[in-house]
Amino acid sequence: MLRVAICEDVLSELQKQTQIIQSIMARLSKNVKFFCFRSGEELLMETDTTGNMDIVFLDVEMLGISGIETARILRERDSRVILIFVSCHNQYCKEMIEVQPYAFIDKPVSEEKLEKILKRVFETHLNSDDSYCFSYNKRQYNIPLNQIRFFQSDKRIVQINAVQLDMPELEYLFYGKLEEVERNLRKANVKFLRIRKSLLVNTRFIKEYSADRVVLDNGREVEISKNYRNHVRQHYISMLKGRRWE
């Protein structure tokens, strides 16, 4: 699971950025834990306690420790962290370059521009090599999660439906329970959504949402069980949240 921090001392701007970033991450099918902070001190304290972040969005000018100084400390602790400055001030260009940021975004934040930047981040720096490992008939398999369309269970048999470029759909079977699969996927960077008791779908392959069903990229319509409709609805809402700030 990716750890993403948003650090902004103006509450309304923090809320706006958080909703936009949540919306983008949902559309990109990323499994993310978000951390929101009103100061650099709070952010640094959190990393001291729970560990480094994968991506950090930082305001440049904040009360207390500045965004640039916060970034400098984060960079000293973790050379791989993706730092993205979000600010209406550009007079700190030299100082920002010294901490090796990935990008600088002007306020007000453009969702379209930010989505392009995050897509590039995942393509070049955080391209997930997560995979699902299992065995069947004495053979070991290791399938990339971003190629798996869904997991479907029938009693003690779990079916994997996978997609590879320029190849027909692939299917794999193994013995197990979908609940165990779901638990194993919670720490992955790829987002899977429970649609039915017997179906766990990679959200990147969901092309349409409605109140009681989803449509996958291959045209298959799947009814959402009543027990999971609120969960699916919340995911869909998170995809749209940033749009209201446009």
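Modeller: In this predicted model, a residue counts as buried when its relative accessible area is under 20% and as exposed when that area is over 50%.

Biologist: With that cut-off in hand, what share of the residues of the protein chain counts as buried?

Modeller: The protein chain has 246 residues, and its secondary structure comes to 7 helices and 15 strands. Taking buried to mean under 20% relative accessible area, the share of these residues that counts as buried is 48%.

Biologist: Which residues lie nearest the centre of the largest pocket?

Modeller: The largest pocket has a volume of about 410 Å³, and its lining is made up of 20 residues. The elements that give two or more residues to that lining are helix H1 (11-27), helix H5 (111-124), strand S13 (206-209) and helix H7 (226-240). Nearest the centre of the pocket lie Arg27, Leu28, Ser29, Lys30 and Arg204.

Biologist: Which residues line the largest cavity?

Modeller: A cavity, unlike an open pocket, is a set of points where the probe fits but cannot get out, and the count of those with 30 Å³ or more comes to 1. The largest cavity has a volume of about 30 Å³, and the residues that line it are Asn52, Met53, Leu74, Asp78 and Val81.

Biologist: Where is Pro108, the residue at the end of the cis peptide bond from Lys107, found?

Modeller: The peptide bond that runs from Lys107 to Pro108 is cis, with an omega near -5°.

Biologist: Does Gln100 count as buried or exposed?

Modeller: Gln100 is not a glycine, yet it has a positive phi of about 55°, and it lies in the loop between helix H4 (93-98) and S5. Because its relative accessibility is 53%, and the cut-off for this class is over 50%, Gln100 counts as exposed.

Biologist: What is the relative accessibility of Lys138?

Modeller: Lys138, which is not a glycine, has a positive phi of about 65°, and it is found in the loop between strand S6 (131-136) and strand S7 (139-144). Lys138 counts as exposed because its relative accessibility is 89%.

Technical notes. Residues numbered from 1 in each chain as written. Predicted model: local features only at pLDDT ≥ 70, side-chain atom pairs only at ≥ 80, totals over all residues. Heavy atoms only, no water. Helix = DSSP H or I, 4+ residues; strand = E, 2+ residues; numbered from the N terminus. Buried < 20%, exposed > 50% of the residue type's maximum accessible area, 1.4 Å probe, protein only. 1 Å grid on protein atoms, 1.4 Å probe; cavity = no way out; pocket = protein on both sides within 12 Å on 5 of 7 lines; lining within 4 Å. Points joined across faces, edges and corners; volume = space filled by probe spheres on them.
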